[in-house]
Amino acid sequence: MKHLVFLIDNKQSYKEAKKEAKKSSYNSMLIQVFTGLTNKKIIKEQLQKLTNDFPNAIIIGTTTAGEISHATMHDNTTVISLSLFKKTKLKAYYTKTIDKPSGITLSKQICSKSTKAAIILSEGLNGENYEDFLHSITKQNPELIIAGGLAGDNFKLKKTYVFYGRKVYEKGAISVSFSGKDLLAQNKYNLNWTPIGKEFTITSSEGNIVKQIDNEDAVTIFKRYLGKDIFNNNAASLPDFQMLYKEGKTVVSRTPLNVTEQSIVFAGPLKEGQKVQFGFSNASSVISGSNHISKEIGTNPAEAIFIY
């Protein structure tokens with residue numbers, strides 16, 4: 001395979017990508033679009049251009065809160081990830097809902113005995129039933145590697161989009177699977193958030209909406225421990241203060257996204273009775289985790305690395 005990453009406005013890189021994609025040695029190709037732009041009209045124009053210039057490609061994508069290209073962070077740009085395969089087969093599917101039945105349907109649509117991995121990109125603000133959705137997929141395919149994430153909108157917390165082909169969706173999830181007997185896939189994750197302070201108990205919640213923590217309004221707890229200004233600027237700083245808990249030996253993070261009255265909306269569910277702590281991260285801990293992953297990958301070099 002061959003993997004190319006470039007900014008859509010870089011004319012030279014775009015031209016070289018078009019030339020490479022026309023080679024007859026590739027039997028399938030995937031384009032992932034990551035954009036900090038939230039103007040639906042502009043997004044559709046870019047998708048139309050990609051569809052015209054790469055007619056044989058499966059195109060998926062999402063709005064973001066920062067884009068990465070060649071180890072450089074960008075804002076309000078559009079990054080294109082073009083993956084060209086000689087043997088791997090791709091299947092894509094869009095689901096409007098994110099729940100257990102949808103996960104089962106998606107699994108049937110894109111997975112086979114030779115499927116090794118799947119990418120799932122979902123809207124980021126509606127607080128769907130992500131856990132049941134993912135569990136229903138892995139239950140059908142226990143060896144399947146799943147990667148991906150939630151769409152962003154530069155922390156405006158107003159509206160996120162996912163893309164499939166030329167279409168732009170405000171709800172649901174896009175998935176693409178990778179199948180082939182010669183395909184090797186693996187996944188790693190780098191959380192490296194550190195729990196700080198006292199342990200709290202979720203005392204009232206409904207799915208991903210936490211109403212009370214330690215029998216007090218969730219908003220009151222956040223203000224007391226993180227400062228009264230935590231919800232200023234449309235709560236844009238909320239994702240910097242995640243809630244952590246352990247699931248076996250794995251540290252799980254729940255990202256606060258928004259506030260509704262005295263409750264806090266998280267990116268995933270938090271059950272009543274769950275013990276949680278505030279968490280923080282810093283550059284050195286993230287870099288340390290990345291270095292560790294880099295060494296692990298080095299023992300079995302990859303042709304492409306997708307980071308979400």
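At 35% relative accessibility, Glu 170 comes out as partly exposed (buried is under 20% relative accessible area, exposed over 50%, partly exposed in between, with a 1.4 Å probe and protein chains only). The model is predicted, so local features need pLDDT of at least 70 and side-chain atom pairs pLDDT 80 or more, while totals for chains, interfaces and linings use all residues. Residues are numbered from 1 along each chain as its sequence is written, and side-chain values use heavy atoms, with hydrogens and water left out.

Glu 170 pairs up with Lys 40 in a salt bridge at 3.8 Å, N to O (a side-chain nitrogen of Lys or Arg within 4 Å of a carboxyl oxygen of Asp or Glu). This pair links distant parts of the chain, 130 residues apart: Glu 170 sits in the loop between β11 (167-169) and β12 (173-179), Lys 40 in helix α2 (residues 40-53). Helices (H or I, at least four residues) and strands (E, at least two) are DSSP runs, numbered from the N terminus. Lys 40 is partly exposed too, at 29%.

The whole structure holds 13 salt bridges. Another of them joins Asp 182 to Lys 87, with the closest N and O atoms 3.5 Å apart. Here the partners are 95 residues apart, with Asp 182 in the loop between β12 and β13 (194-206) and Lys 87 in the loop between β6 (78-85) and β7 (89-95). Asp 182 is partly exposed at 48%, whereas Lys 87 is exposed at 62%.

Glu 296 and Lys 188 meet at 3.2 Å, N to O, in a further salt bridge. Glu 296 belongs to helix α7 (residues 283-298) and Lys 188 to the loop between β12 and β13, so the pair ties together parts 108 residues apart in sequence.
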